[in-house]
Structure formats: C-alpha cells, structure tokens
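This report covers aromatic pairs, salt bridges, domain contacts and the interface between the chains. The sequence and structure come first.

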Amino acid sequence: MTPAECAAEFAEWLEAFLPADYYTAKYAEYRWDIGLRRAFQEAAYEAGWLQPAWTREHGGRELGPAETMAVRLESAVRSAPKLPNIQGPGVVAPGLRHFGTPEQVDRLLVPLLRGHEWWALGMSEPGAGSDFGSLRTRAERNGDTYVVTGQKIWTTQAHESKWATLYCRTDPSVPKHKGISCLILDMESPGVTVRPIRMATISDETFCEVFLDEVEIPVSSLLGQEGQGWSVAMSSLEHERDMIWIMNWVEIERGLQAVARHSADLDDGLLAALGRRLADAAALRATGFRGLEDTLANRAAPQATILKLLGSEALQHTWELAATAAGAEAIVDPGLSFERHDALAATIYGGTSDVQRNIIGERVLGLPRV
Amino acid sequence: MEIGPSDDQRLLAESARDVLSEQSPPSLTRTSYDDPEAWRPLWQTIVDVGWTGVIASAADPDEIKNLVAIVEAAGAATVSAPFLSTVGLAAGALRTVRTEAADLLDAIAAGTTATLLAHRSGSRLPGACLSYDNGRLSGRVHQIRDVTRVDIAVALAEDSIGGTQLVSFRLSDQDLTAHESVDPSQPVGSSNVSVAPEIVVPVDAADVLAVPVIAAAAELVGVADAALSMSVGYAKTREQFGQPIGGFQAIKHRLADVFVAVERARSLTYAAAAAASSGEGSVIRAAYLAKAAANDAALAAARACVSVHGAIAQTWEHDAHLLVRRAWQSAALLGETEALYRAAAQDYLAAATA
C-alpha cells in the first residue's frame, strides 16, 4: 500500500470510530472526554494504528516510515483524540521495546499500549531540569534489589500511573552521565509518596512530586544495562521528538483557523504576522518530509534538528497571534486562555528551546561546548 | 514527488558548487562592482556547462528542482553573471508559454541573456508593469535587475480589456537608466518602455510569477547559507576572553536561530518547487512563503555574519559585504517580506473562508 492508501484506510477507520458529532460538537468538549480518549487508544491498538510501524501484537501493522508518517499526519489533520497518557506510547514504549528484556516486554508493553497501565517519566529533579545528567536520586545495590532514595518533580501524571521509568544514580564514582541507570518503578511500592502539584491552569497532564524513601526495586527491573540510563533516556526522547513536531503542527493549524475567524478585523500588520505563521506551519511539514526522505535514503538529516525548536516556538506565536486577533475579547475566552497556557509548555517539554539551540549549535554547526 | 532534491539534483548541486568555487570566487564578484565586463567569462562557463538550458524549449518534469539546485549554489557564490535573471526569472516565466517562446528559450540556452521586468514605481510585489494597447507596450519600469547586462526583457503587461499578456522585447534598444544599486554585481535600473513586443501571449499572472519567485527564493537561501557558514567558521576560531567565541551562548544561540531560518526557508523553497512541478495546492502562496522566508533568512544571516565578525566585516577586503549587498538587493526584488507574507495570508483567508 502507498502512504496515501494507508492514510485513507486509517481515515476510514477513524471516521467509523468517532462519534457522529465529533466534528460538529465543539472540539473543546471532546478534548476533555477522557472516556473517549481511552476508548480511542484501545481501539487504535486493536486495529494496528497506535504505532503503525510496529508488529500487530504491539499495536501496529509493520508499516514503513513513509506510511507511518502519512498515518500520523492524517491523524493530526483529522484531530484524532489525544492519547490520555501520551508519554506511555510515545516515550516509554519505544525505550521498552529497544532496551527491555523479553520478560519486561511481555509483562509491560501490551497493557501500556492498550492504556490499561499508565506510565510516568521519573526524570526531572529539583536540582536537575535541563541539566538531567546532574540528577541525585540514589540507587544502591543490595543483593538482588536496588534501594532507592531521592526525589523527582514535574513528573506528569505520576498520581495516575502504575509505573515509572525512574532514572537514578547507581555509580557516583564516575562522571555524571555515566553513572545513571533506568529502573522500572512500580508506583505502588512501599516508600513511594506522590503529591500532585496544582497547575497554573486546567490540565489533565498534572505534574507531581515523587518522594522515594528507601524504595526497593528488584535488579530485574533495570531497563537496559546498569550505567546505560543516559542512552535509554536520549533514545526514548528522540522517538518523542519524531512525534512532537506533528503534534505541534496540528495545534498550529488549529491556531491558524482561530486567527482566520477574525479575518475581517486583521490589519496589515496582523496579516503579515499570519503569513509568518503560515510559513512556519508549511516549513515544519516540509522539513519533516525532508527528514523522512533522508532517513529512507540513509542520509544524515541535520535539518531535522530544527523541528522541535521551530514547531514549539511557532505554536506559541500562533496562539499569541490568535489572542491579538481576538482583541480584548481574548481575556474572557477560557478556551483561548487554555490554548495559550498549553502552548507555553511546548518550549519546555522534550528539551527546552535553549537546550535545542545548544544541540543545533554544537552537534550540527560544530561550535565548541563550554 | 519528493520535496528535497533527488540524487541527480544533489549531484547537480555539488557540481555547481565545484564549478562556481573556481569560476566565481568572491574576488570576481568584487571586481564586477567596478568592471562592467568582468562577468562575461563566467557567463561563458555557465553556458558551456549547460545551465542556461535548464528551462528548455522541451519540458522536463525536473526542471524547476534542477533550477533551484543551481540557483542556490549561484547565490552562495554571489554569481555576478545574470544567471538568475536569465534562467530563473526570464526562462522561469517563459516556461508557461513554452510553445510560443520556444525560439527564445533556445536562444537563452545558447547564451542570450534576459531578465524579467516586474516592478512599477513603489511596487512591493512582482506583477504587470507595462500596458499593452494597439500592438505596443508602454510604461515606466523600475528595479530592472541586470539592466545593462541583458539582451531581452520578459514582462507581464495589462491589455486594454483587463487581461494579462506575457510579452518579450529587446531591452537593449530601450531608453535605460542604470542606478547605483546596493549590489553593483547585478546592476539595477529603470526604463521608459515603448516598443512592439515580439512574443505576446495571454496568461494568468500568478502562474507566470510562481517559478521566478521560487528561483529568487533559492538564490537567497544560497546567500543565507554562505553567510551562516562564514559566521560559523569564524566563531570556531576567533578567540576572545580566552576561548572561541562560538562557545558563548550569545553567539551559539544566534547562529542556531540563523540555522533554523535557513532550513525553514530551504524547506519552503523546495516545497514550493515540488508544488510548482506537480501543480498541487496554491503554488503562488507556496512561492510567496518561500521568498518571504528566504528574505528573512538571508537578511538575518547577513546581519549575524557582520555582527559575529565585528569590525573586519565592515571592510572592503572582507567578503561579508558581498553577501550583505546581495541579501539586501535580492530581498527587495520580486517581493518584499511583509508584502509577501500579507499576500500569502490573504490567499489563505480566501481559501479558508470560501
């Protein structure tokens, strides 16, 4: 099947799945319909649309990269329901498939993909945000178990999660990136305390603090080798970045439509600003395709490093433009306020914009690290 | 169709860069500022290697992408010969009337030089700049690129019944004024046109302008890329405060933002070339977005280049000003940034609210 045929088949399936008034009722209402979103994930898993490149048992249909991207874009264009625990299928699952033991994959992957068991990413700490390598949560080995003590923060949905990928320092004697390991934490283990943090705005992706007080985790729960945690984290986030630009792109397109609703009120300056955002959206899509073409041809794709930075910045600019176009009405439009808050997160998660600029400066342009 | 260059186009671009690094060094661009004939040997090379035949009398489905590949390399080398004007702009317009323009396209392939007239006084977007009535063209045309270096003019003219005609005539016979342009390697001038055209074909203006605008974008992507490379090379080696200045985030992040601008413009230019080749979507909107983004990228890259180099970039002997001049000149021609973004937005709104 060609990419277009795959996308068409997916579209047909999606239309049959969605409630009849999905596009006529306000998107804003279905945005918060957690039941629908859970049902969508389960159905997508069953039908092989959840991770189209993977095998049937892992929620896919073994599509190639071009077909997979066509399906993802189709899903974005059609505003398919948002996965309720996006970091599970988006970040944890690729890492689990790549680094997990057969026992870990057997036990954990399918419940994750079906959405029956939610996952949290135990990465950030009070002293380790962008500087992830300086994390201090300590895991000391004692026979067949690690004893873990420390604290995580900004841990999205930890209070609703069954599991977490917990990044800990297993070897304090080596330089910081080298002594990190990834442990699979059962959130119900004794010694785990989770405290949700009130968010600045309405959100179903609530941050939590996670306190770990001598939590025992079996050695068999290591994801990857001891000391391989940095690679597990980077590889997992790379998968996420492949998907983030598509998510950004569809949110930008939605923002552009919000601007277009004020078309009669746009002066020359706002029209030019709208043109800039149209360029961002089109450039994002074209850069994504160039990256895909290079991947298929086994060529390096340095331009793909702009996707996260361009997409997240453009998303913010687009919703700010939507607010400007709405004029003073913007401040009494809770839906618009939510979009603006939501867009603010985009330049933080998955690596902040300033970290992205370091990555481009150092890895692509070859400028020195300091 | 692929958005990025095919393997053949990658080879074409590579060979263009090789040829131009030898035949169009910065020293030639600088010489051409003062010597009005300095570009001729380079032009002969361009004719000999066949780049003037990229848009030929026989259609080639890859011609727009091939054109973009060469023009991008020509921009990076601040080529002083009228390659963009002749092949990108004039032939790029004539391809829409290929049957009627077959002889002229053959002549261009053989080395005849040409340009596209696109500006009336004060115009911010390219468009019709002549009137066509009773078999004669008339009007005052501004900002003619390569005004003293080309034989033939191609233009859009408004006829007496509200239609648009694609026309050509011998420019060198007209009353021409060359101005002191910011980039003297592509001298810009104006003309009072009064002539009977050789080719007259009714056209849709947007169809005609799309490929010239895309070619102009490709040139600026090349300029932007060259300015970024120059800046990065310097930032890696120039030391201040005991370390290479590229290690400071103030410089690193600025150059990372320029990289984003360059790749944003390049993606839009390649996407517009693919759209123009397949005819899918609003080709003129894609072309306008590409040119606007290429303006942004070239201007930002040129400014950053001067800033990163410091005082030396303001000297005649340094190459930075060659890129600054080309960026300024080409960003103003065939569509100024804000006007392009506005026009693209209006096209989008017309489609969104239809």
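Over all chains the count comes to 15 aromatic pairs, a pair being rings of Phe, Tyr and Trp (its six-membered ring) with centres within 6.5 Å; planes under 30 degrees apart count as stacked, over 60 as edge-to-face and the rest as tilted. The ring centres of A:Trp13 and A:Phe17 are 5.9 Å apart and the planes lie at 15°, so this pair is stacked. Both residues belong to helix H1 (residues 3-17) of chain A, 4 residues apart, about one turn of the helix. Helices (H or I, at least four residues) and strands (E, at least two) are DSSP runs, numbered from the N terminus.

This is a predicted model, in which local features need pLDDT of at least 70 and side-chain atom pairs count only at pLDDT 80 or more, while totals for chains, interfaces and linings use all residues. Residues are numbered from 1 along each chain as its sequence is written, chains are lettered from A and ligands numbered from 1 in the order in which they are written, and side-chain values use heavy atoms, with hydrogens and water left out.

Over all chains there are 42 salt bridges, each defined as a side-chain nitrogen of Lys or Arg within 4 Å of a carboxyl oxygen of Asp or Glu. One of them joins A:Arg61 to A:Glu9. A:Arg61 sits in the loop between helix H3 (34-47) and helix H4 (65-77) of chain A and A:Glu9 in helix H1 of chain A, so the pair ties together parts that are 52 residues apart in sequence.

| Salt bridge | Closest N and O atoms |
|---|---|
| A:Arg61 and A:Glu9 | 3.1 Å |
| A:Arg37 and A:Asp204 | 2.7 Å |
| B:Asp257 and A:Arg357 | 2.7 Å |
| B:Asp319 and B:Arg30 | 2.7 Å |

Chain A is divided into domain 1 (3-84), domain 2 (119-227) and domain 3 (231-364), with bounds from an automatic or database domain assignment. The C-alpha centres of domain 1 and domain 2 of chain A are 31 Å apart. In chain A, 5 residues of domain 1 are in contact (heavy atoms within 4.5 Å) with 5 residues of domain 2. These two domains of chain A bury about 370 Å² between them, 39% of it from carbon and sulfur atoms; buried area is the accessible area (1.4 Å probe) that two parts lose on being put together, summed over both. The rule finds 3 salt bridges across this interface.

In chain B the assignment gives domain 1 (7-113), domain 2 (115-203) and domain 3 (206-353). The C-alpha centres of domain 1 and domain 3 of chain B are separated by 20 Å, and their contact takes 24 residues from domain 1 and 29 residues from domain 3. Domain 1 and domain 3 of chain B bury about 2,100 Å², with 69% on carbon and sulfur atoms. B:Arg30, B:Tyr33 and B:Glu72 supply 28% of the area that domain 1 buries against domain 3, more than any other three residues. Between these domains of chain B there are 2 salt bridges.

Between the chains, 42 residues of chain B are in contact with 42 residues of chain A. The chains bury about 3,400 Å² between them, 67% of it on carbon and sulfur atoms. In chain B, the residues losing the most area to chain A are B:Lys252, B:Phe259 and B:Tyr348, together 17% of what that side buries. Across this interface the rule finds 8 salt bridges.
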